[in-house]
Amino acid sequence: AMPVAVSASAKSMLEKAIKARAEQVDELGGEGKVKPGTQCKNNACSKCYADESSLDQECLFHPGAPVFHEGYKYWSCCKKKKTTDFSEFLSFGGCTKGTCVFTDDPTKKKKALCRYDFFQQGPQVTLSIYAKKVHPEQCEFKISATRLKVFICFDFVNTFALDLELAGRVRPGECSVEILGPKVEIVLKKGDGSAWTELGNSLMAEEEE
């Protein structure tokens, strides 16, 4: 496992979120209610909740994660459709049919999508995964010379995972993780001086991504 540091801002953000969530559950009597106007939580679906019939309406969404790399923006499930314009990226229609989702089950962990990006500077590669209210004790970070495995639990019910065969060799003993307020930052020390054109290849099964 990789050493993990947690910033003061990340600790404060999580503590405030825990308190706010407890107050919200008390106000709702322990049960979440959908307010009219709540937008569907599926990526790229803009439909909103009106009444109970909204729970059965069909939506078109992206099951993959948003990727921003070297100026290009695209969904991991639609890698051939890329743009450099953020507004155009937001307008990309979904690629998968499903049913609108408006609420979270507070007792059930669910896979979520996190935007992530990386940059390299000299002998190291820095990977940023944009997740807030991360629970350090429920996360796992593993590294070998050629592979990185990440499991992040954030915002109480959301989980995000990566399993990558890295684009180059790294020095596991010199790699580290820091949980910051708006993101998780993973620093990988290169095993040689080669330049990385990509972060690596996913080793996750298609249904897991």
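S128 is buried, with a relative accessible area of 4%, where buried stands for under 20% relative accessible area, exposed for over 50%, and partly exposed for what lies in between, as found with a 1.4 Å probe on protein chains only. The model that you see is a predicted one, in which local features need pLDDT of at least 70 and side-chain atom pairs count only at pLDDT 80 or more, whereas totals for chains, interfaces and linings use all residues. Residues are numbered from 1 along each chain as its sequence is written, and side-chain values use heavy atoms, with hydrogens and water left out.

To place S128 in the fold, look for strand β8, which covers residues 124-130; strands (E, at least two residues) and helices (H or I, at least four residues) are DSSP runs, numbered from the N terminus. Leaving aside residues up to four places away in sequence, S128 touches R115, Y116, D117, K183, V184 and E185, a contact being a case of heavy atoms within 4.5 Å.

Two of these neighbours, K183 and E185, also meet each other, for their side chains form a salt bridge of 3.3 Å from N to O. The term describes a side-chain nitrogen of Lys or Arg within 4 Å of a carboxyl oxygen of Asp or Glu. K183 is buried at a relative accessible area of 18%, while E185 is partly exposed at 22%. In general, side chains of opposite charge can pair when their charged atoms come close.

By this rule the count comes to 5 salt bridges. One of them joins D155 to K133, with the closest N and O atoms 3.2 Å apart. Because D155 lies in the loop between β10 (147-154) and β11 (158-166), and K133 in the loop between β8 and β9 (140-143), this pair ties together parts that are 22 residues apart in sequence. Both ends are partly exposed, D155 with a relative accessible area of 27% and K133 with 25%. Another salt bridge brings together the side chains of K142 and E140 at 3.5 Å, N to O; here K142 is partly exposed at 40%, and E140 is partly exposed at 42%.

The strands around these residues can now be followed in order. β9 and β10 pair in the antiparallel sense over 4 bridges, where two strands pair if DSSP finds at least two bridges between them. F141 has V150 in β10 as its bridge partner, and a hairpin of 3 residues joins β9 to β10. From β10 the chain goes on to β11 through another hairpin, again with 3 residues between the strands, and D155 in that turn has a positive phi of about 50°. β10 and β11 run antiparallel and are joined by 8 bridges, one of which has F160 in β11 as the partner of I152.

V177 and L127 are 50 residues apart in sequence, yet their C-alpha atoms are 9.5 Å apart in space.

Rings of Phe, Tyr and Trp (its six-membered ring) pair if their centres lie within 6.5 Å, and planes under 30 degrees apart count as stacked, over 60 as edge-to-face and the rest as tilted. F86 and F89 form a tilted pair, 6.1 Å from centre to centre with 35° between the planes, and both lie in helix α2 (residues 86-91), 3 residues apart, which is about one turn of the helix. F86 is partly exposed at 41%, whereas F89 is buried at 4%. A second tilted pair is made by Y116 and F160, 6.0 Å from centre to centre with 50° between the planes; since Y116 lies in strand β7 (residues 115-121) and F160 in strand β11, the pair ties together parts that are 44 residues apart in sequence. Y116 is buried at 18%, and F160 is buried at 6%.
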